[in-house]
Amino acid sequence: MQRWIMHVDMDAFFASVEQLDNPELRGLPVIVGGLSGRGVVSTCSYEARKFGVHSAMPMHMARRLCPQGVYIQGRMQRYKELSDKIMDIFRSFSPLVEQLSVDEAFLDVTGMEGLYPDVVTLAKAIKNKIYSDTGLHASVGIAPNKFLAKLASDLEKPDGLVLIKPETAAAFIAPMPVRKIFGIGKAAEEQLLQYGINTIGKIAAADIKILQKVFGINAQTVHDLARGIDNRPVVNETEAKSIGKEHTYDKDLYDENDLRKAVRDLCGETGWRLRRRGLIGYTVTLKVKFSSFKTITRSITSEMPVAYDEEIYALALKLLRQVKFTEGVRLLGVSISHLESEDAAPVLNFNENERLKKRNQAVDLLKNRFGEGIIKRG
Ligand code: TTP
Ligand code: MG
């Protein structure tokens with residue numbers, strides 16, 4: 001049976017919600033983001049994009065490019081409320097929904113053409129349902145896999161609908177720039193250029209040895225993507241709200257070095273569990289139960305998603321330093337929350353993260369094979 005994956009992404013989400021709730025803003029350049037001195041643009045309406053304003057741009061630059069814009073601080077709670085509603089709509093169409101971020105998800109709709117004349121009709125039904133229930137527009141990509149579906153949803157934004165058929169997929173993506181493959185950032189793009197590789201098609205045709213020089217252990221994945229191949233399943237995401245590990249010690253811990261070492265082990269186990277489920281997280285929580293059974297927790301949230309042991313440990317260590325130790329420690333726990341699918345991460349940053357990734361993968365392989373007791377960091 002032909003596999004069909006849909007990627008649905010709301011158009012200018014936060015800005016569209018503002019225009020929805022405040023009709024006088026419709027048709028105007030609306031910019032949502034941090035309005036303080038160092039604030040950045042979260043997003044902006046398509047009217048504002050014509051002025052060159054875009055996400056992550058410093059707010060002062062946006063004001064310079066678009067002085068007539070309407071600037072809004074944003075209302076996360078309202079966006080979340082609509083996001084939940086939209087995700088529920090997705091779940092009413094498919095039992096297999098993977099939420100990637102506040103405004104986008106993959107839907108596995110394999111076999112559902114039976115209920116509709118074809119997948120395009122199904123996509124239109126989803127778009128219409130979103131619009132009639134919320135008043136918001138979405139763009140949809142339909143393709144045989146996640147990579148192509150996500151790429152497709154972006155091609156005709158806003159209010160887009162793009163179908164990539166399996167038999168024409170490779171030829172369709174061949175002329176596109178290499179950056180269209182998620183994870184290929186500026187650094188990798190420049191390296192590829194040294195080998196004369198400037199399109200997805202040229203990656204597809206490249207010698208795997210050259211790709212290994214640029215992408216290391218990711219070479220095969222990139223090569224597959226460039227040929228339109230991606231077998232990653234759509235996973236019903238993050239039923240678990242947090243993932244972690246805690247441990248009660250036989251003897252209470254007093255020594256600072258012992259505490260650090262214990263926390264490091266817990267981070268390793270947490271990271272492994274996280275990665276095994278293909279997740280990333282933003283918030284790290286440290287739990288400490290003292291000899292007296294008094295228990296405290298401390299949390300820290302990172303701007304960037306974390307998944308590697310070292311990243312989790314770096315945050316946990318900051319938390320550990322905030323705790324005042326006036327008695328022994330019975331139990332320590334490390335957990336990570338605000339979970340998302342790893343596919344949601346903006347960039348894997350092949351070059352920069354290669355070292356961490358390699359080390360973590362080697363450890364994961366052993367743990368998966370022999371159980372998590374096998375490796376403790378020295
Ligand atoms: P996106 O889907 O990336 O952007 P968008 O929906 O605003 O626009 P597009 O039509 O191109 O999809 O992100 C969804 C929301 O996430 C966006 O409305 C605001 C928020 N966001 C940030 O807060 N900061 C960012 O840097 C980005 C990219 C998004
Ligand atoms: Mg969007």
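This is a predicted model: local features need pLDDT of at least 70, side-chain atom pairs count only at pLDDT 80 or more; totals for chains, interfaces and linings use all residues.
Me: Let's start with α6. Which residues does helix α6 span, and how many of them are buried?
Reply: Helix α6 covers residues 146-155. Of its 10 residues, 7 are buried, so the helix is largely enclosed by the rest of the structure.

Me: Which residues of α6 are the buried ones?
Reply: They are K146, F147, L148, A149, L151, A152 and S153.

Me: What happens at the start of α6?
Reply: N145 makes a contact there. One of its side-chain oxygens comes within 3.2 Å of the backbone nitrogen of F147.

Me: New topic, rings. How many aromatic pairs does the structure hold?
Reply: There are 5 aromatic pairs. One of them is F14 with Y79. Their ring centres are 4.2 Å apart and their planes are at 15°, so this pair is stacked.

Me: Where do F14 and Y79 lie?
Reply: F14 is in helix α1 (residues 13-21), and Y79 is in helix α4 (residues 76-93). The pair therefore ties together parts that are 65 residues apart in sequence.

Me: And is F14 buried or exposed?
Reply: F14 is buried, with a relative accessible area of 15%. Y79 is buried too, at 1%. The cut-off for buried is under 20%.

Me: What about F147 and F182, how are their rings arranged?
Reply: The centres of F147 and F182 are 6.2 Å apart, with the planes at 70°, so the pair is edge-to-face. F147 belongs to helix α6, while F182 sits in the loop between α7 (169-173) and α8 (186-194). That pair links parts 35 residues apart in sequence.

Me: How accessible is F182?
Reply: F182 is partly exposed, at 30% relative accessibility.

Me: Which charged end sits over the ring of W272?
Reply: That of R276, at 4.2 Å from the ring centre. In another case, R63 lies over the face of Y71, 4.4 Å from the ring centre.

Me: OK, salt bridges. How many does the structure hold?
Reply: There are 19 salt bridges. In one of them, D159 meets K127, with N to O at 2.9 Å. D159 is in the loop between α6 and β8, and K127 is in helix α5 (residues 119-134), 32 residues apart.

Me: Is K127 buried or exposed?
Reply: K127 is buried, at 12% relative accessibility. D159 is partly exposed, at 44%.

Me: What does D309 pair with?
Reply: D309 forms a salt bridge with R275, and their closest N and O atoms are 2.8 Å apart. D309 is in helix α13 (residues 309-322) and R275 in helix α12 (residues 256-276), so the bridge ties together parts 34 residues apart in sequence.

Me: How accessible is D309?
Reply: D309 has 3% relative accessibility, which counts as buried. R275 is buried as well, with 15%.

Me: Last one, the surface. Which residues make the nonpolar patch of about 220 Å²?
Reply: F51, M61 and L65 make that patch. L65 is in helix α3 (residues 59-65). L65 is partly exposed, with a relative accessible area of 37%.

Key
Residues are numbered from 1 along each chain as its sequence is written. Chains are lettered from A and ligands numbered from 1 in the order in which they are written. Side-chain values use heavy atoms; hydrogens and water are left out. Buried means under 20% relative accessible area, exposed over 50%, partly exposed in between (1.4 Å probe, protein chains only). Helices (H or I, at least four residues) and strands (E, at least two) are DSSP runs, numbered from the N terminus. A polar contact is a pair of N or O atoms within 3.5 Å; within protein, one must be able to donate a hydrogen and the other to accept it, and residues adjacent in sequence count only if both atoms are side-chain atoms. Rings of Phe, Tyr and Trp (its six-membered ring) pair if their centres lie within 6.5 Å; planes under 30 degrees apart count as stacked, over 60 as edge-to-face and the rest as tilted. A charge sits over a ring if NZ of Lys or CZ of Arg is within 6 Å of the ring centre and within 35 degrees of the ring normal. Patches are made of residues with over 30% relative accessible area and no salt bridge: like charges are joined within 9 Å, nonpolar side chains (Val, Leu, Ile, Met, Phe, Trp, Tyr) within 5 Å. Accessible areas come from the Shrake-Rupley method with a 1.4 Å probe; for residues, only the protein chains shown count as cover. A salt bridge is a side-chain nitrogen of Lys or Arg within 4 Å of a carboxyl oxygen of Asp or Glu.
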